[in-house]
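Hello,

Here is the structure we talked about. Please open it alongside this note; my findings follow below.

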Amino acid sequence: MHMCRMTTRSLLKLVPKCCLLIKVRTMRTNNHFEMREYNLDVLQDEEDSSVHAQGRPYPIYPSKGGLKPNFLRDMISRALETLPVNVDPIPKDITLDFGLLCLRDAYTGIHRPKNLNEADLARKRLIFDEFFYLQLGRLFQMLEGLGTKIEKDGLLNKYRNPELDAVFIEEWSGLAKIFLKALPYSLTPSQLTAISEIIWDLKRPVPMNRLLQGDVGCGKTVVAFLACMEVIGSGYQAAFMVPTELLAVQHYEHLHNLLENMEEVHCKPSVALLTGSTPSKQARLIRQGLQTGDISLVIGTHSLIADSVEYSALRIAVVDEQHRFGVIQRGRFNSKLYYNSISSKMASTYSDDSSKGDVYMAPHVLAMSATPIPRTLALALYGDMSLTQITDLPPGRIPIETYLIEGNESGFEKVYQMMLDELEAGGKVYLVYPIIEQSEQLPQLRAASADLESISSRFEGYSCGLLHGKMKSDEKDEALRQFRSGETHILLSTQVIEVGVDVPDASMMVVMNSERFGIAQLHQLRGRVGRGVRKSKCILLASTTSSLNRLKVLEKSSDGFYLANMDLLLRGPGDLLGKKQSGHLPEFPVARLEIDGNILQEAHLSALKVLGDSQDLEKFPDLKAELSMRQPLCLLGD
Ligand SMILES: Nc1ncnc2c1ncn2[C@@H]1O[C@H](COP(=O)(O)OP(=O)(O)OP(=O)(O)O)[C@@H](O)[C@H]1O
């Protein structure tokens, strides 16, 4: 009998002397192991050395839908016999460069490995293929969307040397320079690198498609504003799309404050706010202003991509919290074309297609994500985007103290006392709940609405506000405004405040039932405090003892990238990204993103190399055929 913990490798077992194999998946619970899955595999013909020679790894196939492992083994064996030698569509120089087995050896190696090393190499090759065709498809599709060879070469170059290009401040547009000068702080080094890199892209005749990532509160917004100023300074327009009205109003007010600081009144751009709640007469005027070019920058929700909104010269679209928008929504900016005279000049100089005198270009897209996700995941999800990361925080931030407290009676008493101390010292408190109303199915969960009364009476003399997703947008704005202005001291809220909400003097957060949230999500929530001069606290109340271990990491680290990696390892990509975002994640039958990131990088480089050799893949007909089978939509131009 052979027992072991299941790992990716343990699908292959060394054949022991006896003829019964048991594959077991165990789970460690507290101090004992529990058997969750098992599989009996009887080797009927022990003498059959051709299939399972002693001492060699032995593949275990699942027996599903009446298909017995032995039957599968037999079929696969026969298929392997008939496999042509020349079955590999990937060019040989690529397989050599990255130390990959050829495809035939990989098939043999995964089903009949001589040893575990061979099985590992075979697995690597299969994973490489999963990643490679995905990257190839995405890049191929992007190249297809570009008009001229110079654009295509430029794009491939940019991907090959992602850190290479940046524009010095002297070369920024006048308006961007004035805006920078008027900021009440200096940019951090990585904010400066990020914006210089973005401006480099903005000056090129190729539409940018860039993802700006950074930890909570690192100051992405101001980088995006600067990018808008750069294009406005060159005579074009900018649109800034956010997922909620709350954020739209906040960004609009924030920008207004920054523009107030500018002494040069004559060059202040005209800025408008357009959301679903904008009164129709005003919305009509804003649309008119965008069409004539009188408005240079519009901040708003998805109203900005409505068909009725026409821009006179939209050169950049910033999409904040981009994972909250579908690919199609983001893509709708691509149809808001503008006439680009620079591109037109370049195209006529370099293009072999002289008919391209007038160039109508899709706007540059700068997507922003407040959830730091590991590079591997970013590449798998957004392989078609260049990536800029802000890796430092503005100076002077006082680290947030995080406490993990068990949500029993004494735990609550302790937390209420800490809240009282904070309020008495002049602080403001967010109370975050997993749900709005009490639920009969989940009685252990605290609910924001249900708690309003008891919290109000407990903290007499301090007023409480309520904020959740089911409130009307003007009610939400009002609740946040009151909290910001200090009319309310405690804000009971759901996770609607998770992204973007910036109330710098909020100094304490208490998360109820924090076991219901992921680590990356809690980090994001925690980022709502510690944004001002007061020392801030975050208290995670956990109602189950088993969750305490998982959440402990938040007490120790405040590095969003590290925590996202931990979340990826602990819970896998689906849970880390949440339902909506992970819905865009392709399926990988063999690969596991949490451990196979380096293979993904190699696959990305290989795809670039292949396309550098042949942008339309005509040089590699077998590869093109394989791509059309694996990613049919990209070759159809969908
Ligand atoms: N270089 C800087 N120095 C000092 N303060 C800064 C700097 N950059 C930004 N800030 C301030 O830091 C706060 C957070 O910035 P911002 O809202 O842009 O962060 P963010 O990256 O969008 O974070 P989140 O995703 O959490 O909303 C703001 O109050 C902003 O004014």
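Start with Leu617. This residue is buried, with 20 other C-beta atoms within 10 Å. The cut-off for buried is 20 or more, so Leu617 qualifies. Leu617 sits in the loop between α20 (597-613) and α21. Its phi is near 65°, a positive value in a residue other than glycine. Keep in mind that this is a predicted model.

Asn513 lies in the loop between β18 (506-511) and α17 (519-526). It counts as buried, with 22 C-beta neighbours inside 10 Å.

Now the whole chain. It has 22 helices and 19 strands. Of its 638 residues, 40% are buried. Take the contacts with a separation of 6 or more: 72% of them join residues 24 or more positions apart.

Next, the helix pairs.

α4 and α21

Helix α4 covers residues 116-144, and helix α21 covers residues 621-630. They pack at an angle of about 95°, with their axes 10 Å apart. That makes α4 roughly perpendicular to α21, because angles of 65 to 115 degrees count as such. On the α4 side, the contact uses Tyr133, Leu136 and Gly137. On the α21 side, Glu626, Leu627 and Arg630 take part. By class, this contact has 3 nonpolar, 1 polar and 2 charged residues.

Met142 is also in helix α4. It is buried, with 21 other C-beta atoms within 10 Å. Met142 and Leu156 are 14 residues apart along the chain, and their C-alpha atoms are separated by 10.0 Å.

α7 and α8

Helix α7 (residues 189-202) packs with helix α8 (residues 220-233) at an angle of about 30°. Their axes are 10 Å apart. The two helices are therefore roughly parallel to each other. Their crossing is right-handed. From α7, the contact takes in Gln191, Ala194, Ile195, Ile198, Ile199 and Leu202. They meet Val222, Val223, Leu226, Ala227, Glu230 and Val231 of α8. The residues of this contact divide into 10 nonpolar, 1 polar and 1 charged.

What else touches α7? Its buried residues pack against β5 (209-214), α8, β9 (314-319), β12 (364-369) and β13 (386-390). The buried residues themselves are Gln191, Ala194, Ile195, Glu197, Ile198, Ile199, Asp201 and Leu202. An α-helix has 3.6 residues a turn, so residues three or four places apart point the same way. The length of α7 also checks out. At 1.5 Å a residue, its 14 residues should span 20 Å, and its end C-alpha atoms are 20 Å apart.

Helix α9 (residues 245-260) has 16 residues. It reaches 22 Å from its first C-alpha to its last, close to the 22 Å expected at 1.5 Å a residue. Its buried residues are Glu245, Leu246, Leu247, Ala248, Val249, Gln250, His251, Tyr252 and Leu255. What covers them includes α8, β6 (237-241), β7 (271-274), β8 (297-300) and α16 (473-485).

How do α9 and α16 cross? Their axes come within 9 Å, at an angle of roughly 50°. The pair is therefore oblique. The crossing is right-handed. Glu245, Leu246 and Val249 of α9 make the contact with Ser473, Lys476, Asp477 and Leu480 of α16. By class, the residues of this contact divide into 3 nonpolar, 1 polar and 3 charged.

Thr402 is in strand β14 (residues 401-406). It counts as buried, with 23 C-beta neighbours inside 10 Å. Which residues does Thr402 contact, leaving aside its neighbours within four places in sequence? They are Arg526, Cys538, Leu540, Leu554 and Glu555. Thr402 and Ser536 are 134 residues apart along the chain, yet their C-alpha atoms are separated by 8.8 Å.

Best wishes

Note on methods:
Residues are numbered from 1 along each chain as its sequence is written. This is a predicted model: local features need pLDDT of at least 70, side-chain atom pairs count only at pLDDT 80 or more; totals for chains, interfaces and linings use all residues. Axes are lines fitted to C-alpha atoms, for helices over the stretch in contact, and angles run from 0 to 180 degrees between N-to-C directions. Helices (H or I, at least four residues) and strands (E, at least two) are DSSP runs, numbered from the N terminus. Angles under 35 degrees count as roughly parallel, over 145 as roughly antiparallel, 65 to 115 as roughly perpendicular and the rest as oblique. A crossing is left-handed if the near helix is turned anticlockwise from the far one by less than a right angle, and right-handed if clockwise. Two residues are in contact if their C-beta atoms, placed from the backbone, lie within 7 Å. Ala, Val, Leu, Ile, Met, Phe, Trp, Tyr, Cys and Pro count as nonpolar, Asp, Glu, Lys and Arg as charged, and the others, Gly among them, as polar. The expected span of a helix is 1.5 Å times one less than its number of residues. A residue is buried if 20 or more other C-beta atoms lie within 10 Å of its own, exposed if 12 or fewer, and partly exposed in between; C-beta atoms are placed from the backbone.
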